[in-house]
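Hi,

Here is the model I promised to pass on.

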Amino acid sequence: GGPAWIREQRSDIVGKSAVPATDAELWLMARPLLEERFKLKYHREPREVSGLALVVGKNGPRLTRSEGGSNNISAAGGVITGHNVPISRLAGLHSTVLRRPVMDATGLEGTYNFSVDPKPYAGQGPLDLPGMMIIAVQEELGLRLEPRKFELQVMVIDQIEAPNEN
């Protein structure tokens with residue numbers, strides 16, 4: 001939903017944190033800007049949604065427990081590599097690729113190192129990155145996705161206005 005200009009107008013917001021920041025910290029930094037420039041008013045509420053749950057496969061996980069260090073995920077050369085990453089971030093990556101909510105239901109605690117190459121799972125037809133990712137994570141990490149309904153905190157926009165030019 002939302003006003004028509006949301007589908008027609010694009011805005012780039014460029015910023016830089018003085019120090020490394022988590023996604024939650026970046027949101028706290030961006031929120032005042034969005035509230036001022038877009039006159040954004042919103043609230044959060046729980047909703048039951050259809051999504052996918054990332055679960056451990058029948059043969060168990062094939063992940064390497066991390067010994068610490070920097071926390072990052074990269075996708076250089078099409079290979080997805082994670083270092084010192086909680087499984088919830090891998091679930092978040094799936095949400096982005098699949099454009100559906102994905103929750104971590106593995107029960108795996110701590111952080112892990114992993115590398116997933118979806119390219120070998122390409123079919124003969126058009127490129128299907130979501131399908132390739134699903135198979136690669138199942139085959140290489142021992143995790144799978146299953147349909148599930150769950151409660152999710154969603155952001156409900158109460159008011160938003162088109163920003164003025166800089």
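Let me start with one tyrosine: Tyr-42 has a relative accessible area of 19%, so it counts as buried (buried is under 20% relative accessible area, exposed over 50%, partly exposed in between, with a 1.4 Å probe and protein chains only). Before I go on, the ground rules: this is a predicted model, where local features need pLDDT of at least 70 and side-chain atom pairs count only at pLDDT 80 or more, while totals for chains, interfaces and linings use all residues. Residues are numbered from 1 along each chain as its sequence is written, and side-chain values use heavy atoms, with hydrogens and water left out.

On confidence, the average pLDDT of the protein is 88, and 96% of the residues score at least 70; pLDDT is the predictor's confidence in each residue, from 0 to 100.

As for the overall layout, the protein has four helices and seven strands, which are DSSP runs numbered from the N terminus (helices H or I, at least four residues; strands E, at least two). Along the sequence they follow the pattern α-α-β-β-β-β-α-β-β-α-β. The C-alpha atoms fill a box of roughly 55 × 35 × 35 Å along the principal axes, and 27% of the 166 residues count as buried.

Now back to the aromatics. Rings of Phe, Tyr and Trp (its six-membered ring) pair if their centres lie within 6.5 Å; planes under 30 degrees apart are stacked, over 60 edge-to-face, and the rest tilted. That rule gives two aromatic pairs. One is Trp-5 with Phe-38, stacked at 6.4 Å centre to centre with 20° between the planes. Trp-5 sits in helix H1 and Phe-38 in the loop between helix H2 (23-37) and strand E1 (41-56), so this pair ties together parts that are 33 residues apart in sequence. Both Trp-5 and Phe-38 are buried. Trp-27 and Tyr-42 make an edge-to-face pair, 6.0 Å centre to centre and 65° between the planes. Since Trp-27 belongs to helix H2 and Tyr-42 to strand E1, the pair ties together parts that are 15 residues apart in sequence. Trp-27 is partly exposed, because its relative accessibility is 25%.

The strands come next; two of them pair if DSSP finds at least two bridges between them. E2, E6, E4 and E3 form an open sheet in that order, with antiparallel pairing. Its edge strands, E2 and E3 (72-74), each pair on one side only. E2 (residues 64-65) is joined to E6 by two bridges: Thr-64 stands opposite Asn-113, and Arg-65 opposite Tyr-112. E4 (residues 80-86) is joined to E6 by five bridges, and there Gly-82 has Phe-114 as its bridge partner. E6 itself (residues 111-116) has a covered face of Tyr-112, Phe-114 and Val-116, and an uncovered one of Thr-111, Asn-113 and Ser-115.

E1 has partners of its own. 16 bridges join E1 to E7 (residues 143-159), and the two run antiparallel; Val-56 is bridged to Leu-143 in E7. E1 also runs parallel to E5, with three bridges between them, and Ala-53 stands opposite Met-103 there.

Which residues have a positive phi although they are not glycines? Lys-39 has one, about 55°, and Arg-99 has one of about 55° as well. Lys-39 is in the loop between H2 and E1 and is partly exposed, with a relative accessible area of 39%. Arg-99 is in the loop between helix H3 (87-98) and E5; at 76% relative accessible area, Arg-99 is exposed.

Finally, the second largest pocket has a volume of about 200 Å³. Here a pocket is an open set of points on a 1 Å grid over the protein atoms alone, where a 1.4 Å probe fits, with protein on both sides within 12 Å along at least five of seven lines; lining residues have an atom within 4 Å of a point. Points are joined across faces, edges and corners, and the volume is the space filled by probe spheres set on them. Its lining is Ile-13, Val-14, Gly-15, Lys-16, Ser-17, Leu-26, Met-29, Ala-30 and Leu-33. By class that makes six nonpolar, two polar and one charged residues, where Ala, Val, Leu, Ile, Met, Phe, Trp, Tyr, Cys and Pro are nonpolar, Asp, Glu, Lys and Arg charged, and the others, Gly among them, polar.

Cheers
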